[in-house]
Amino acid sequence: MKKITALLLAALLLLGAVPALAETIDGKTARSIPLQDVGVNAVEEGISPTTGLALAELDVPDDALGLAVTGTYMPMVVQIDNQDGGVNARAPWGLAYADIIYETPLHREGATRLTAVFSDVLPTSVGPIRSARVAHVWIAREWGGGFVHFGRQEYNGSNAEQEMKNVGILRYLNRFDGTDGAKPWNKYFNARANLASPHNQNANVAGLRTLMGLNASGETVEVIPTEHALRFTDEQPTGGDSGVAIGVEWSRQESDSYAYSSTLVYQDGQYYRYMGGVKSDLSTDGLTLHVDKDLGTPITYANVIIQYTDVTWNGNDAPICQMVGSGNADYFIGGVHLQGCWEHEVLEDRTIFYGPDGSEIALQRGKTLIIVADREQEIVYR
């Protein structure tokens, strides 16, 4: 009897060591969540509206600007290359200073692009800077500050240049395109040595910030960015289920696009992002940690949001991700998974992310990754 009991205990221990099976998120079926009225979130003096962190305690590099330096809120939205998953020779630099990072579809086969919101700290070196699609224009318009990119898609039906004019991102006011040639902002763009074009474009985001509020004639124009304070808490989330690992599939094929698939793992209060695929057990064996090239540190997140929306294609490399509307949203906060939804009624207003009880979701203090996914896309977690 003692021997049988010992064997049963050993078996139970072994089962306990096996990772839980991954769950698949339903991004399509509408969730019956009665939404509460949400107003503007109050911002405490000295606290960041985008990260919830104490501004005086941030690590600010020399010559940087931003809310932590000037006390003035003026977000800068920057297009960042994610070629080959943004690792090794393609690793980004300066991205670790971003408050919020969006990942959006770029190519039908599975490539993605990053759109970074810098507010607390605006570094003097960020890159690689890449081109804009229409959804990136909508993200930039929502934040209402500067928009930094290197080129833009101008296809009929997905013309980012025209969309910038449509939504009021003025060419000589708060749009800084490094391909525009002899413009006042051109001196703040340069190509980094020892990196292959077009993955070598660098932008001095702090320098570009100094041009905000000037038009083509050098006249001062008032720029008032959209109020966009997120809701933060010092309490750990309750309810939900386990959310210690997330698998984001952009392509199931062993191809170049497979490099964009990622696995995020919760450790020491942060989600670490590993590029190169999603394994059935959501392990990170053989995957590559996403790091900042200059700092040599992992780019981590206190919060991960999956924002499901309608994605259509105007050709293989012309995605149209609807950023105004509503849909399911899933949250990974403090190692916990919570279901909710998002709503964005007017482009100039902020997107509101609702939790399972219909109130605005409370995030942990720190940086946030927002993955904009097609409603049909498979994302798993455990």
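**Reading the interior**

Analyst: This is a predicted model.

User: Which residues touch the most other members of the largest nonpolar core?

Analyst: In soluble globular proteins, nonpolar side chains tend to be buried together. Here the largest nonpolar core has 48 residues, and those touching the most other members are Ile 101, Val 148, Phe 176, Leu 208, Leu 264 and Val 304. Elements that each supply at least two residues of this core include strand 2 (76–80), helix 5 (205–209) and strand 25 (368–374). Another core, of 36 residues, lies apart from it, with Val 117, Ala 160, Cys 321 and Ile 370 among its residues.

User: Is Thr 104 buried or exposed?

Analyst: Buried means under 20% relative accessible area. Thr 104 has 1% relative accessibility, so it counts as buried. Thr 104 belongs to strand 3 (residues 100–105).

User: What does the side chain of Thr 104 join in a polar contact?

Analyst: The side chain of His 136, at 2.9 Å. Setting aside neighbours within four places in sequence, Thr 104 is also in contact with Thr 112, Arg 113, Ile 139 and Val 372, among others.

User: How many residues of helix 3 are buried?

Analyst: In helix 3 (residues 134–143), 9 of the 10 residues are buried, so the helix is largely enclosed by the rest of the structure. Among them are His 136, Trp 138, Ile 139 and Glu 142. After helix 3 comes Gly 144, with a positive phi near 75°.

Technical notes: Residues are numbered from 1 along each chain as its sequence is written. This is a predicted model: local features need pLDDT of at least 70, side-chain atom pairs count only at pLDDT 80 or more; totals for chains, interfaces and linings use all residues. Side-chain values use heavy atoms; hydrogens and water are left out. Helices (H or I, at least four residues) and strands (E, at least two) are DSSP runs, numbered from the N terminus. Buried means under 20% relative accessible area, exposed over 50%, partly exposed in between (1.4 Å probe, protein chains only). A polar contact is a pair of N or O atoms within 3.5 Å; within protein, one must be able to donate a hydrogen and the other to accept it, and residues adjacent in sequence count only if both atoms are side-chain atoms. Contact means heavy atoms within 4.5 Å. A nonpolar core is a set of buried Ala, Val, Leu, Ile, Met, Phe, Trp, Tyr and Cys residues joined through side-chain atoms within 4.5 Å.
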